[in-house]
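Work through these exercises with the structure open beside you. Try each task before reading its solution.

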There are 2 protein chains.
Amino acid sequence: MSILWSESQKKRLGELGAKNEQMIIEFDTLKERDSEFKKIEKVLAREGRSRLEEYRKMTKRPPICELETKLINALNNIGFVQVTTPVLLSKGLLEKMTIDDNHTLFSQVFWVDGGKCLRPMLAPNLYYILKDLVRIWEMPVRIFEIGSCFRKESQGSEHLSEFTMLNLVEWGTADEDREKRIEELAKVVMKTVGIEGYHLERTSSVVYGDTVDVMLCDTELGSSAMGPHFLDEKWGMTGPWIGIGFGLERLLMAKEGGRNIHSMGKSITYLNGVRLNI
Amino acid sequence: MSILWSESQKKRLGELGAKNEQMIIEFDTLKERDSEFKKIEKVLAREGRSRLEEYRKMTKRPPICELETKLINALNNIGFVQVTTPVLLSKGLLEKMTIDDNHTLFSQVFWVDGGKCLRPMLAPNLYYILKDLVRIWEMPVRIFEIGSCFRKESQGSEHLSEFTMLNLVEWGTADEDREKRIEELAKVVMKTVGIEGYHLERTSSVVYGDTVDVMLCDTELGSSAMGPHFLDEKWGMTGPWIGIGFGLERLLMAKEGGRNIHSMGKSITYLNGVRLNI
């Protein structure tokens, strides 16, 4: 009882969405192992085809797109308006987030010819829009964006170089209500996704200073910040605000108990969570 | 009667969405012109604030996002399933579209460090997914994606470097039904957007060979292709198919009679079609 899956078998089983207990089976002989591998592979491929059939006939949308729609409706319902901004970001706007050569995040930024980068976060664009909206609209101003962000990551099963962020901001929340509002808004998002048993945790972010994270056990699902904040003055802004950011792929992983974040995001190899080379 | 708007006045009026007739007013004196400019600017800014208020209270979503939702529902309803793929594209997949150094489109491609580019079109990713789906699913296979594409463009009022494409493909349409299906599917999209009086026109595309375009007067709103096609073999695929691509910002321009495509797309300077520095 000491033979384990080969590396390629383990990789394949991971792609096909094998369960944890299937990943750690031990065998007496190679023959036994390889025979079992074929059996499990066949069953998982059949399950994959069945999930693809359900998607084709019933849901017709990838889970991440459906989640986006649900979140838009939930946030619209509580008075947040949607904005949609470009993924190409100027170096100047990145620097306003204090992300320069010395910053931890800087090495993770994708640069595009023409002096632009792919936004590693939604915040700079939201600041840019808010600086006008807080002038034009009465407080509080409530906006959100859901869109792709990009970071060079070690290509583990935990990270995606292109991922989908939800960032909501409420500008003009009364000082004394900020923590309560973060709790309320995190609750709206968690309820919409269908995640129970999360908790909030104080921590420190390289960009935003002290923050409150939305955690499910040890996994960070979202991260919040509040102002007045030292970044505000770079946009000529003052006053109290709160904001929360969530990674949609991580929310899906947490909801569905998946282990492979690549099957949850934008992909050409996975569809509806199913590896397509089955 | 020979003094026209100054260049900066003309630019500002364009940003504020002045009507065609307002753009070509002639004046006797500079004083008269500058006084009239202030009046018009004030009225247009007030109209902008009113459109922003309507968006804040009523629609709560940018027009391009609302159009995306409508198109998703319409296409789901006729059996097309949505896919969502990364904007970062490998050079290899771009080359499979025969877009290499000699190709007209090549100079318009944004390159990202790490040997990837920003997709200039959705087609390579759709091919990649379809090569598996046509094996797994019964014909016809119907998929679509709506997502950002990127091309370096002369920054005129007609083009955006980041724009939103809808590309739908039906693989396995009977040979004799292909032209009729293009007409039917173009009709579904035009009806969903609310555009009347369009027509189809044969033309020739640098990537797809002979195509049928969806035209509104002289403006190309969409472009279709059909197979069997010389690109198919690069993906190991055969058989008849049809596909149509639309630029969502152009569809909105056509629908709303707008003149400034920058106010229609993803933007940090426009919201709900309104320039924010009012």
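## Exercises on a predicted model

**Exercise 1.** Find N272(A) and T98(B), and decide for each whether the residue is buried, partly exposed or exposed.

Solution. Take N272(A) first. Its loop runs between β11 (270-271) and β12 (274-275) of chain A. Phi is positive here, about 55°, although N272(A) is not a glycine. The relative accessibility of N272(A) is 18%. Buried means under 20%, so N272(A) counts as buried.

Turn to T98(B). This residue lies in the loop between α5 (91-96) and β3 (111-112) of chain B. T98(B) is not a glycine either, yet has a positive phi of about 60°. Its relative accessibility is 24%, so T98(B) counts as partly exposed.

**Exercise 2.** Describe how helix α4 and helix α8 of chain A pack.

Solution. Locate the helices: α4 spans residues 63-77 and α8 spans residues 248-256. Their axes are 10 Å apart, at an angle of about 105°. Angles from 65 to 115 degrees count as roughly perpendicular, so α4(A) is roughly perpendicular to α8(A).

Next, list the contact residues. From α4(A) come P63(A), I64(A), L67(A), E68(A) and L71(A). They meet L248(A), E249(A), L251(A), L252(A) and E256(A) of α8(A). Sort the residues of this contact: 7 are nonpolar, 3 are charged and none is polar.

**Exercise 3.** Compare the span of helix α3 (residues 30-59) of chain B with the expected value, then name its buried residues.

Solution. The helix has 30 residues. At 1.5 Å a residue, 44 Å is expected. From first C-alpha to last, α3 of chain B reaches 41 Å, close to that value.

Now the buried residues of α3(B). They are R33(B), F37(B), I40(B), L44(B), A45(B), G48(B), L52(B), Y55(B) and R56(B). Finally, look just past the helix. There K60(B) takes a positive phi of about 65°.

Terms used
Residues are numbered from 1 along each chain as its sequence is written. Chains are lettered from A and ligands numbered from 1 in the order in which they are written. This is a predicted model: local features need pLDDT of at least 70, side-chain atom pairs count only at pLDDT 80 or more; totals for chains, interfaces and linings use all residues. Side-chain values use heavy atoms; hydrogens and water are left out. Helices (H or I, at least four residues) and strands (E, at least two) are DSSP runs, numbered from the N terminus. Buried means under 20% relative accessible area, exposed over 50%, partly exposed in between (1.4 Å probe, protein chains only). Axes are lines fitted to C-alpha atoms, for helices over the stretch in contact, and angles run from 0 to 180 degrees between N-to-C directions. Angles under 35 degrees count as roughly parallel, over 145 as roughly antiparallel, 65 to 115 as roughly perpendicular and the rest as oblique. Contact means heavy atoms within 4.5 Å. Ala, Val, Leu, Ile, Met, Phe, Trp, Tyr, Cys and Pro count as nonpolar, Asp, Glu, Lys and Arg as charged, and the others, Gly among them, as polar. The expected span of a helix is 1.5 Å times one less than its number of residues.
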